[in-house]
Structures are given as C-alpha cells and as structure tokens.
Amino acid sequence: MSELTLTVMRLGFLAVLWLFVIVAVQVIRSDLFGTRVTQRATARRPEPQGASPRRADRGRPAPQPQPQPQPRGRQRRGAPTKLVITEGSLAGTTVALQGQTITLGRAHDSTIVLDDDYASGRHARIYPDRDGQWIVEDLGSTNGTYLDRGRLTTPVPIPTGAPIRIGKTVLELRK
C-alpha cells in the first residue's frame with residue numbers, strides 16, 4: 001500500500017472515532033440532564049405580515065392555525081367559567097372554560113402540563129357534556145384521579161368548587 005492511502009485511512013479512522021466519541025457524549029448528556037422543557041406561552045403575539053415564524057427558522061414547518069370550536073349553545077346560568085389550580089407547582093394558574101376538552105398530564109401536548117411525579121403522561125380529561133355540565137374522567141392513570149376525596153372509576157360530573165386531585169395538584173371549577 002502506498003503511504004498516501006495509508007495516511008487517508010488513518011485520518012478516516014480518526015474522524016469516525018471522534019464522531020463516535022461526540023455521539024456518546026451527547027447521549028450521556030441527555031441521560032443526565034434530560035430533555036429541555038419549554039414553558040408554554042399563555043398568549044401569543046400576532047406576527048407582522050410577511051414575517052417568517054420562529055419555528056420555521058429551526059427547520060420545522062410552521063404550525064397551522066386551528067379553528068376554535070363553537071359553543072354548542074348558551075351556557076347555563078351559574079355554570080363554571082374557569083378552571084383554577086389551587087395547589088401544586090402551577091398554583092394560581094387559571095384556564096378559561098370555552099367548551100373544549102382539557103387534558104391533564106405530564107405529556108407535552110396536554111392542555112395543562114403537570115410537573116408532578118404522581119401524574120401520568122395522559123392522566124385525566126375534563127370535558128363538557130351536552131347539557132353544559134363539566135365531566136372529569138381518569139384516563140387509566142397509575143395513581144388515580146380524586147374528586148372530593150373519592151377515586152374516580154367512571155366519568156363523573158364536577159360540582160362547582162369541588163376539588164379535583166391529581167398527585168400534588170388540586171384543581172377546581174369556579175364561576
């Protein structure tokens with residue numbers, strides 16, 4: 001073999017070796033520090049006409065705007081209008097009830113992302129029924145969902161002000 005071929009093979013082997021080391025360090029880093037969790041913005045500012053979305057700059061397609069669901073009818077008098085988190089890491093957070101399903105859990109695509117070791121990825125959901133009453137349903141979570149100290153086994157209507165407990169997080173429907 002010529003000296004040039006041997007040198008090129010040595011440099012190629014060295015490059016592959018460094019690539020392996022870099023990938024191994026990235027895997028160890030992600031195992032130690034986990035994935036980056038970003039905070040959800042409560043309200044997004046409209047972007048100026050012709051401006052490119054920030055996500056498209058990172059190589060991802062821009063999200064398509066989703067139409068808001070129309071309410072099924074007039075809301076009952078005295079019906080709750082907001083979901084308030086009273087205990088847990090999100091204490092003080094308020095979510096307006098607009099007739100859509102609210103999912104709760106540790107999954108990043110949940111409506112309310114719970115940073116709670118006792119919450120499952122898809123823990124529970126709260127949704128309106130045809131009569132305008134709100135229903136809470138446990139989605140097969142490991143540690144359960146509790147309504148007024150009782151563990152849920154079936155979907156149950158939520159009385160206004162009744163505490164819903166998911167791990168260390170407590171939520172209430174309020175007017």
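View 1. Ile-22 counts as partly exposed because its relative accessibility is 45%; the class covers values between buried (under 20% relative accessible area) and exposed (over 50%), with a 1.4 Å probe and protein chains only. This is a predicted model, in which local features need pLDDT of at least 70 and side-chain atom pairs count only at pLDDT 80 or more, whereas totals for chains, interfaces and linings use all residues. Residues are numbered from 1 along each chain as its sequence is written, and side-chain values use heavy atoms, with hydrogens and water left out. Ile-22 lies in helix H1, residues 3–33; helices (H or I, at least four residues) and strands (E, at least two) are DSSP runs numbered from the N terminus. Together with Leu-11, Phe-13, Leu-14, Leu-17, Trp-18, Phe-20, Val-21 and Val-25, Ile-22 makes a nonpolar surface patch of about 940 Å². Patches consist of residues with over 30% relative accessible area and no salt bridge, like charges being joined within 9 Å and nonpolar side chains (Val, Leu, Ile, Met, Phe, Trp, Tyr) within 5 Å. A salt bridge is a side-chain nitrogen of Lys or Arg within 4 Å of a carboxyl oxygen of Asp or Glu. Accessible areas come from the Shrake-Rupley method with a 1.4 Å probe, and for residues only the protein chains shown count as cover.

**View 2. The open sheet of six strands, with antiparallel pairing.** The strand order is S2-S1-S11-S10-S7-S8; two strands pair if DSSP finds at least two bridges between them. Strand S2 (94–96) and strand S8 (150–151) form the edges, each pairing on one side only. Within the sheet, S10 (residues 164–166) and S11 (residues 169–174) are antiparallel and share three bridges. Arg-165 has Val-170 of S11 as its bridge partner.

**View 3. Asp-148 and Arg-149 in the loop between S7 and S8.** Arg-149 counts as exposed because its relative accessibility is 83%.

**View 4. The open sheet of five strands, with mixed pairing.** Its strands follow the order S4-S3-S5-S6-S9. The edges are strand S4 (112–113) and strand S9 (156–157), each of which pairs on one side only. Strands S3 (residues 102–105) and S5 (residues 124–128) run antiparallel and are joined by three bridges. Ile-102 stands opposite Ile-126 of S5.
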